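Thanks for coming. I will take one structure and go through some of its helices, rings and loops. Please have a look at the sequence and the model first.

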Amino acid sequence: MDLNLTVLELARLQFAFTVSFHIIFPATSIGLACFLTILEWRWLKTKNLIYKSLYKYWIKIFAISFGMGVVSGVVMSYQFGTNWSEFSRVAGSIMGPLLTYEVLSAFFLEAGFLGIMLFGWDRVSPKAHFISTFMVALGTCISMFWILSSNSWMQTPQGFSIENGIIVPYDWLSIIFNPSFPYRLAHMAGAAFLVSALLVVGTAAWHLYKGRRDELIKKSFSMGLWMVLVTSLLQAFIGDLHGLNTLKHQPAKLAALEGHWETNYDSAMPLILFAMPDMQAERNKYEVSLPYLGSLILTHSLNGTVTGLKDFPPEDRPNALIVFWSFRVMVGLGLLMITLALLSLWLRKRKQLYEAKWFHQFAIFMGPMGYIAMLAGWITTEVGRQPWVVYGIMRTREGLSHTVSAEQVGLSLTIFVVVYTVVFGTGIYYILKLIRKGPVFVEAQPHEVAGLGHFKTPMRPLSAVDESLDEKTTSQEKSND
């Protein structure tokens, strides 16, 4: 792979590629695990087969996402030792324990109950199975807690000292609960719930658009839209708080994502809607802005002062062009999510939620937008942190391994691209096949507990998907045709 890129650029590109692939699966798992917990709780409370049927459908997609999330996560850990060994050497005393806590408290919890959740429906009591589902959901949230804590520490580091060039922890509570952590944890949790809710909504909308009107599809559509409504509005509120936190602790990042070059000492800061930030000329081209709104949104004051990018040395500035537009992609899609939720309220009132085909088309379009918004948010966060790997403490180039070459990193990146495309492309294709098939009603069966050998007992998470997807249509689809 010869694109005349330096080893630093290739190492950053490799990590960006692998983490972008990885994050879509844990985000799906977090949201779906919580959704499955709600479905099983409703099943236990009402004995309505709709909830059991939806559980048995969505657990298949959860199983695939969980399995691919685990596999893709392992690769990133190895990169700390291969491409970023200096970062591991200097900051390993903090990053190592935080990631270890994630394994000990979250991964073991998930692993302990995952088998019961996936394969124990008729092997343990209903309450024991529900507890397993809840524990897996809890484990995914705990995992998110530790990953966001470690990443947030890199954004707003505290609770450490530097001794002989090594970062040494002295206050673990300050390290874990660093200044940006609460806001970033809440923002990521909201993103995970939105990703999964939009996946559920988009799947149901596709079947509604194709003519299905059974209760499984209606219930999925309705539950997903309620979650989108609550979470999208919360995300707007959390995002505002996160912005205030960024203004205080990472002012260069905030100036870049707003395209703000000059500190507005004597005038209000405008809200720039469209621009092409030019890093060399230190100005925006083709700027379209609204007066006063920038100060009002960022400082909650009409004349609030915001530090401009020119007040930071050129070597300390993030790439404003990338951050400016990734932030607007995230915010723009967030506004579309709120629009989708508010339109659903209007259609519920008019009793047209399940009949308005134009709305179903809109919902289908929004199905994958949660992933795009989440990735745009992570690009904003990580590119906005540059040129620091630990903000204000250690530059990204200083964390690079001394022993790797551009050829080695380029070759491994090429291999990753090929392998990821084949492996995860196959998994995503299988999920899409499941989505196309849609949920089906399960038959009411008396509960029974059986041991090994009574049923086939799969040993892998992906074995939870035990149906053939080769049939062109289900009986429900045939009846609708």
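Let me start with histidine 22, which touches Gly69, Ser72, Gly73 and Met76, leaving out residues up to four places away in sequence; contact here means heavy atoms within 4.5 Å. Before going on, a note on the source: this is a predicted model, in which local features need pLDDT of at least 70 and side-chain atom pairs count only at pLDDT 80 or more, while totals for chains, interfaces and linings use all residues. Residues are numbered from 1 along each chain as its sequence is written, and side-chain values use heavy atoms, with hydrogens and water left out.

Back to histidine 22. Its place is in helix α1, residues 7–46. Helices are DSSP runs of H or I with at least four residues, strands are runs of E with at least two, and both are numbered from the N terminus. Histidine 22 has 14% relative accessibility and therefore counts as buried. The cut-offs are under 20% relative accessible area for buried, over 50% for exposed, and partly exposed in between, with a 1.4 Å probe and protein chains only.

The charged end of lysine 47 sits over the ring of tryptophan 43, 4.9 Å from the ring centre. For this to count, NZ of Lys or CZ of Arg must be within 6 Å of the ring centre and within 35 degrees of the ring normal. Another case is lysine 357, which lies over the face of tyrosine 209 at 4.6 Å from the ring centre.

Next, rings with rings. Rings of Phe, Tyr and Trp (its six-membered ring) pair if their centres lie within 6.5 Å; planes under 30 degrees apart are stacked, over 60 edge-to-face, and the rest tilted. That rule gives 25 aromatic pairs. In one of them, tryptophan 358 and phenylalanine 359 have ring centres 5.9 Å apart and planes at 75 degrees, so this pair is edge-to-face. Tryptophan 358, at 43% relative accessibility, counts as partly exposed, whereas phenylalanine 359, at 0%, counts as buried. Ring pairs also link Phe17, Phe21, Phe25, Phe416, Tyr420 and Phe424 into a cluster.

Three of those names come back in helix α13: Phe416, Tyr420 and Phe424 are among its buried residues. This helix covers residues 406–437, and its 32 residues should span 46 Å; the end C-alpha atoms are 45 Å apart, which agrees. Where is the kink in α13 centred? It is centred on tyrosine 420, and the kink is about 25 degrees. The bend at a residue is the angle between axes fitted to the seven residues ending there and the seven starting there.

Isoleucine 435 is also in α13 and is buried, at 13% relative accessibility. Isoleucine 435 and tyrosine 57 are 378 residues apart in sequence, yet 9.4 Å apart in space, C-alpha to C-alpha. Leaving aside neighbours within four places in sequence, isoleucine 435 is in contact with Tyr57, Ile61, Leu199, Thr203 and His207. Just after α13, glycine 438 takes a positive phi of about 80 degrees.

Now α10, residues 320–349, where arginine 328 is found. Is arginine 328 buried or exposed? At 14% relative accessibility, it counts as buried. The side chain of arginine 328 reaches the backbone oxygen of leucine 257 at 2.6 Å. Not counting residues up to four places away in sequence, arginine 328 touches Leu257, Glu258, Ile272 and Leu273.

Last, the loops. Histidine 300, in the loop between α9 (293–299) and α10, has a positive phi of about 60 degrees although it is not a glycine. Histidine 300 is partly exposed, at 48% relative accessibility. Lysine 351, in the loop between α10 and α11 (357–366), also has a positive phi, near 60 degrees. At 73% relative accessibility, lysine 351 counts as exposed. Finally, a cis peptide bond joins glutamine 386 and proline 387, with omega about 10 degrees; proline 387 lies in the loop between α12 (369–385) and β5 (388–390).

Note on methods. The expected span of a helix is 1.5 Å times one less than its number of residues. A polar contact is a pair of N or O atoms within 3.5 Å; within protein, one must be able to donate a hydrogen and the other to accept it, and residues adjacent in sequence count only if both atoms are side-chain atoms.
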